[in-house]
Amino acid sequence: MPVGLWLVVVAMAATMVTGSALAQGEQPTDDEVNAVANGLYCPVCENIPLDVCPTQACIQWRDTIRDKLAQGWSEEQIHQYFVGQYGDRVLATPPATGLNWLIYLLPPAAFIVGAVILVGVVRSWRMPPQLASKPVGEVAEDPYLEKVEEELRRRD
Amino acid sequence: MIEGIGYAALVLSFVLALYSAGAAAYGARRGKPELIESARRAMLLSWPMISVAALAIVLLLVGARYDIAYVAKVTSNSMPTYLKITALWGGQAGSLIFWSWLLATFASAVALRKWDRDRDLLPWVIVVSMITLAFFLSLSVFVENPFSRLWITADGGQATAFFQPEGARAAAPLDGQGLNPLLRHPGMIIHPPMLYLGFVAFVIPYAFAIAALITGRSDDRWIRVTRRWTLVAWLFLALGLILGGRWAYDVLGWGGYWGWDPVEIAAFMPWLAGTAFLHSVMVQEKKGMLKHWNMLLIILTYSLVLFGTFLTRSGVLSSVHAFAQSAIGPMFFAFIGISFVVSLWLLLRRWDDLRGVNQINSMVSRESLFLLNNFLFIMILAVCFLGVIFPLASELFTGQTVTVGPEWYERILGPLFAGLLLLMGVAPLSAYGSSSWRRLGKQLWIPVAISLAVPAVLLITGMRSTAALLGYWLATLVAVVTLYEFWRGASARGRRHGERLPVALVRLAGRNRRRYGGYVIHLGVVLMAFGIIGIEIFQTETQGTLARGEQLTLGRYVMVFDGLTRFITEDGREVSRAEVSVYKDGRSVGKLFPRQDFYRAQNQPMTIPGVRSTLEEDFYVLLVGWEPIGQDGATFKVFHNPLVNFVWWGGAVFILGTLVAAWPERETEPARRRVAHAQTLPAGD
């Protein structure tokens with residue numbers, strides 16, 4: 001066969017091989033799509049993460065994610081794209097903007113405030129050490145009454 | 001005809017509940033015991049009335065009376081009879097009746113007990129339980145009437161009403177919509193009744209607590225009387241939650257058992273308050289302390305029970321605005337608000353009377369640790385509440401709604417649950433009264449040293465997750481301490497009575513059921529903790545589309561798609577069933593059959609996973625329903641869930657422990673018999 005024809009065949013084969021390799025390299029796997037979808041919630045269904053939502057709309061959204069991943073978008077960029085389209089509720093955790101700071105601030109604040117109150121209250125309850133040696137028993141002083149209480153307690 | 005009798009019985013029971021509450025309150029205020037007795041009888045009579053109403057609904061459901069709106073909504077010709085019966089709680093109207101029926105049952109049981117010692121509490125217990133019952137009945141009588149019929153109006157539209165609208169004629173559909181396929185699973189059949197049993201049973205300790213507040217009693221009588229009620233309520237609530245998780249894992253098709261969904265949290269919150277209450281009352285009984293806490297906790301539990309029912313029934317979770325579409329939402333909101341405010345007001349009135357008898361002497365005394373326990377549970381509760389409320393508040397105040405997902409909950413609650421685990425390990429070794437860090441340390445250092453072996457081994461074998469290492473260490477610590485408590489008690493008893501260890505153990509637990517039942521529950525929690533840490537931190541997944549003969553790999557597992565069969569079942573489901581071969585480390589471990597059932601009538605698919613379960617892990621295979629399914633290609637989603645079965649086995653141990661704790665103790669011989677026996681003995685003995 002003439003050298004020219006060989007060259008063409010080799011060139012074509014090379015293009016096909018590299019072409020398909022490129023195409024396969026660009027096609028995101030289901031796992032990669034799910035990883036991005038996991039950080040998003042279905043914009044229309046109630047409280048269903050995007051990677052498990054079975055509706056037609058969610059199928060299309062996951063395809064959108066696949067396309068964007070193939071184009072080289074990062075997870076953050078894709079999340080922001082969905083936020084732009086459908087609002088903050090598509091994110092699995094509220095963005096730390098505006099009033100949403102409350103949901104990140106309140107729990108640790110409540111814990112600290114509560115702990116301080118608790119320690120303060122317990123400290124004020126504590127008996128001074130010299131009295132601590134004498135145990136304050138339960139209410140009944142009369143031994144007979146105590147026996148009656150004990151007997152009644154056993155009957156409950 | 002049946003619906004007429006049913007509705008009449010419903011209205012009658014509503015009237016009886018109102019009368020009972022009114023007569024009891026009036027009789028108590030004016031000192032008329034005969035009115036109180038009348039109120040008690042009315043309370044007893046409400047039960048057969050509601051039973052008639054509930055029975056009427058069941059008869060209509062089983063009798064295929066599709067002219068009744070509720071029947072048409074939740075049953076269909078293709079459903080088997082047993083499912084038609086369970087459809088009683090398959091929809092809004094029926095489950096409200098079920099709730100009311102349960103409350104009437106419990107209230108009647110309470111009315112039938114011996115009241116001699118607690119005459120002063122009786123009227124107020126009646127008032128509280130009957131007002132609650134009247135509220136729920138009012139929802140059924142006025143808003144969600146289960147006996148409403150379907151009508152065709154003059155202009156051809158459809159209407160739902162109990163009484164015939166002007167110009168309309170009765171509709172007579174030949175078939176119903178049928179129960180949502182998701183609700184036909186055995187787990188889902190039993191999950192609502194279990195939860196409702198738990199919810200409703202908590203009304204009784206609350207009623208006694210309010211009665212104690214109103215009558216000015218500051219002792220712990222109300223706690224001791226309702227101890228078993230509280231335990232049983234808590235048992236059913238826990239069972240309902242565990243079953244719900246199991247059901248989600250089995251049929252909901254996302255490979256998990258808990259999604260931090262607001263509806264799940266709605267049932268979790270009363271359980272949290274109830275658990276804190278269960279622990280805290282021990283301190284009041286032993287030391288006369290934490291009385292304010294106990295009142296607050298039972299008030300919270302009751303309010304959260306109502307709130308949980310409200311969240312799941314009012315539509316408020318789909319949107320703040322959906323909640324006002326039915327009158328149920330606002331009615332619930334009003335009742336919860338009013339009852340909470342009134343309860344708090346009653347508590348504040350008696351605040352000074354409830355001052356503790358004793359003081360806390362040390363930060364590490366047992367009563368101090370119980371206080372810390374209360375604090376942690378309240379914090380967890382507050383976090384859950386914030387997470388549920390925040391999206392609603394955000395929508396209300398900014399118009400923009402947000403989603404609070406599992407990541408937020410796990411990040412914040414993780415340390416709090418770890419704190420609880422630590423307490424579970426430390427508190428059994430603490431002592432009431434005076435204690436010191438040194439004394440506690442002396443008790444603790446051996447269990448801590450032993451338990452550190454576990455994270456050490458895990459670290460050596462390559463585990464690097466700090467959270468998992470910490471979690472496993474704490475869980476092991478709790479196990480070591482709890483088992484040590486068993487051993488310590490049993491060997492002491494064995495020495496004293498000359499019994500061998502196993503016998504001593506059983507007798508010990510039998511004599512002290514609350515404590516040792518509680519320790520068994522703690523062991524159940526340890527097992528569940530192992531399982532939860534395993535699946536939450538180490539779960540892996542993969543998804544792939546396979547043609548027949550192709551395979552996918554996940555960790556040590558390889559799965560091959562062998563083939564697909566399609567068939568239609570008797571009850572009209574279109575089933576696509578895949579067959580896959582599973583290999584672990586190259587060796588075959590069997591075949592699995594994940595499938596998708598499609599219910600034509602509801603246009604609803606259900607994915608049932610194929611699961612290989614061992615104690616070590618689950619290999620969990622889902623047929624992804626929304627991709628095309630055929631011989632030449634089906635999409636599979638595969639999970640590897642380490643240690644997940646510890647969650648279910650731990651749950652079983654948990655339930656067993658609760659049964660041990662709740663089992664009635666054998667009565668000590670009544671004094672009468674002893675005296676009579678002594679009298680029959682010959683003189684001189």
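Some housekeeping before the tour. Residues are numbered from 1 along each chain as its sequence is written, while chains are lettered from A and ligands numbered from 1 in the order in which they are written. Because the model is predicted, local features need pLDDT of at least 70 and side-chain atom pairs count only at pLDDT 80 or more, whereas totals for chains, interfaces and linings use all residues.

Let's begin with chain A. Chain A has 7 helices and 0 strands, and from the N terminus on its elements run α-α-α-α-α-α-α. Helices here are DSSP runs of H or I with at least four residues, strands are runs of E with at least two, and both are numbered from the N terminus. Of the 156 residues of chain A, 17% count as buried. By buried I mean that 20 or more other C-beta atoms lie within 10 Å of the residue's own; exposed is 12 or fewer, partly exposed is in between, and the C-beta atoms are placed from the backbone.

Chain A is divided into domain 1, residues 26-93, and domain 2, residues 95-124, with bounds that come from an automatic or database domain assignment. The centres of these two domains of chain A, taken over C-alpha atoms, are separated by 33 Å.

Now have a look at helix α5 of chain A, residues 101-125. Does α5(A) lie largely in the open or largely enclosed? The number of buried residues is 2 out of 25, so α5(A) lies largely in the open. Its length works out too: at 1.5 Å a residue the helix should span 36 Å, and its end C-alpha atoms are 36 Å apart, which agrees. That expected span is 1.5 Å times one less than the number of residues.

How do the chains meet? 36 residues of chain A are in contact with 43 residues of chain B, where contact means C-beta atoms, placed from the backbone, within 7 Å. On the chain A side, the elements giving two or more residues are α2 (30-37) and α5 (101-125). Of these, α5(A) gives the most, with 9 residues. That side of chain A divides into 21 nonpolar, 6 polar and 9 charged residues. For the record, Ala, Val, Leu, Ile, Met, Phe, Trp, Tyr, Cys and Pro count as nonpolar, Asp, Glu, Lys and Arg as charged, and the others, Gly among them, as polar.

On to chain B. Its domain assignment gives domain 1 (1-165) and domain 2 (540-646), and their centres, over C-alpha atoms, are 45 Å apart.

There is an open sheet of 3 strands in chain B, in the order β2-β1-β3 with antiparallel pairing. Strands β2 (158-161) and β3 (169-170) of chain B stand at the edges with a single partner strand each, so one side of each is left without a neighbour in the sheet. Strand β1 (residues 149-152) pairs with β3(B) over 2 bridges; two strands pair if DSSP finds at least two bridges between them. One bridge joins Ile152(B) to Arg169(B) in β3(B).

Further along is strand β12 of chain B, residues 617-623, with 7 of its 7 residues buried, so it is largely enclosed by the rest of the structure. Glu617(B), Phe619(B), Val621(B) and Leu623(B) point one way from the strand, and Asp618(B), Tyr620(B) and Leu622(B) the other way. β12(B) forms a hairpin with β11(B), with 3 residues between them, and this antiparallel pair has 4 bridges. Gly610(B) stands opposite Val621(B) there. β12(B) also pairs in the antiparallel sense with strand β13 (residues 634-642) over 7 bridges, and Phe619(B) stands opposite His640(B) in β13(B).

Last stop: the largest nonpolar core, with 200 residues. Such a core is a set of buried Ala, Val, Leu, Ile, Met, Phe, Trp, Tyr and Cys residues joined through C-beta atoms within 7 Å. Leu103(B), Val125(B), Val200(B), Phe208(B) and Ala211(B) touch the most other members. Helix α10 (residues 227-251) of chain B gives the largest share, 15 residues. Both domain 1 and domain 2 of chain B give residues to this core, so it lies between them. Leaving aside neighbours within four places in sequence, Val125(B) is in contact with Val110(B), Ala207(B), Phe208(B) and Ala211(B).

Key
Contact = placed C-beta atoms within 7 Å.
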